[in-house]
Amino acid sequence: MDYLNGKGGIVEALNAKVYGNGTETLVLSHGFGADQTVWHYILPYLACYFKVVVFDMVFSANVNPQLYNPHRYSKFDSYAEDLICLLDQLNVTKSIYLGHSMSAMIGCIAATHRPHLFKHLILLGGSPRYLNSKGYFGGLDRSDAEMIFKSIKQDYPEWVKDLSTKAVGVSDTASIHEFEYSLGRMKPNITLHVAKTVFLSDLRWVLRHVKIPCTIIQSERDFVVPIWVADYMKCKLGDDTKVEILKTEGHLPQLTAYPLLLNVLKRVLYIN
């Protein structure tokens, strides 16, 4: 992690920003293909009640690509280490963590290493495994994943356009363009490597080690994560876990259904 700890440290390297001046800290961590701007609809409201931390993941086009080490980031644990280091540098001692997509499992891993750093995990559209296997429906067959990798290598712009439409899931031109822009700005070789790390991962074993209250938030229809996964995660995470289903479609409700998402967050975060 030393390469992220130069002048300005990981806070500067990952463009971390803090909004609001609440007594509690809320960390927002984006998913694959996005960057911290994906929270722009809900951030102003949340900053009225919390000290809100946002940052760019190391694969984001906003981060110096030289900081992306393929060997290091071939496993989720390294992302979790970055998260812990970031919070330590920001002097965050207890936080509420909202992780979207791959960041949901990054938060789970970080919480197993440093449970006292978190008081509540909010897992938005997360999945511990994307590939189908015996007794488990993750949504993708191995051949589907291989087709994704092949498409990224053969025609990256066309793949970006196709995935953006499918991931957004609804006819929302602005949201499609927004996700397409952030994903399209990533370097194709980095995108391919991250895609392999995400879609070939199997982090089901992590869930039983999480000892912190969790709330799973999942769209009713999601091209990326089947609704079945939310029930699976709840079962493995244990009794201190709740599931909230958003009556919407798509993998990016913070863009396409943010009023619905905010209503759930108000309940989960006890905002009056």
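## About the model

This is a predicted model, in which local features need pLDDT of at least 70 and side-chain atom pairs count only at pLDDT 80 or more, while totals for chains, interfaces and linings use all residues. Residues are numbered from 1 along each chain as its sequence is written, and side-chain values use heavy atoms, leaving out hydrogens and water.

## Overall form

You will find 12 helices and 7 strands in the protein. These are DSSP runs numbered from the N terminus (helices: H or I, at least four residues; strands: E, at least two).

Along the principal axes, the C-alpha atoms fill a box of roughly 50 × 45 × 35 Å.

## Where H3 meets H4

Helix H3 (residues 76-89) and helix H4 (residues 102-113) have axes that come within 8 Å and cross at roughly 70 degrees. H3 is therefore roughly perpendicular to H4, a label for angles of 65 to 115 degrees. The axes are lines fitted to C-alpha atoms over the stretch in contact, with angles running from 0 to 180 degrees between N-to-C directions.

The contact residues divide into 10 nonpolar, 2 polar and 1 charged. Here Ala, Val, Leu, Ile, Met, Phe, Trp, Tyr, Cys and Pro count as nonpolar, Asp, Glu, Lys and Arg as charged, and the others, Gly among them, as polar.

## The largest pocket

A pocket is an open set of points on a 1 Å grid over the protein atoms alone, where a 1.4 Å probe fits, with protein on both sides within 12 Å along at least five of seven lines; lining residues have an atom within 4 Å of a point. The largest pocket has a volume of about 440 Å³, the space filled by probe spheres set on points joined across faces, edges and corners.

Its lining has 24 residues, with Ile148, Leu163, Phe199, Phe223 and Val224 nearest the centre. The largest share, 5 residues, comes from H6. By class, the lining has 16 nonpolar, 5 polar and 3 charged residues.

## The second largest pocket

The second largest pocket holds about 230 Å³ of space. Of its 13 lining residues, His120, Thr215, Lys242, Val268 and Tyr270 lie nearest its centre. S7 gives the most to this lining, with 3 residues, and the lining divides into 4 nonpolar, 3 polar and 6 charged residues.

Conventions: Angles under 35 degrees count as roughly parallel, over 145 as roughly antiparallel, 65 to 115 as roughly perpendicular and the rest as oblique.
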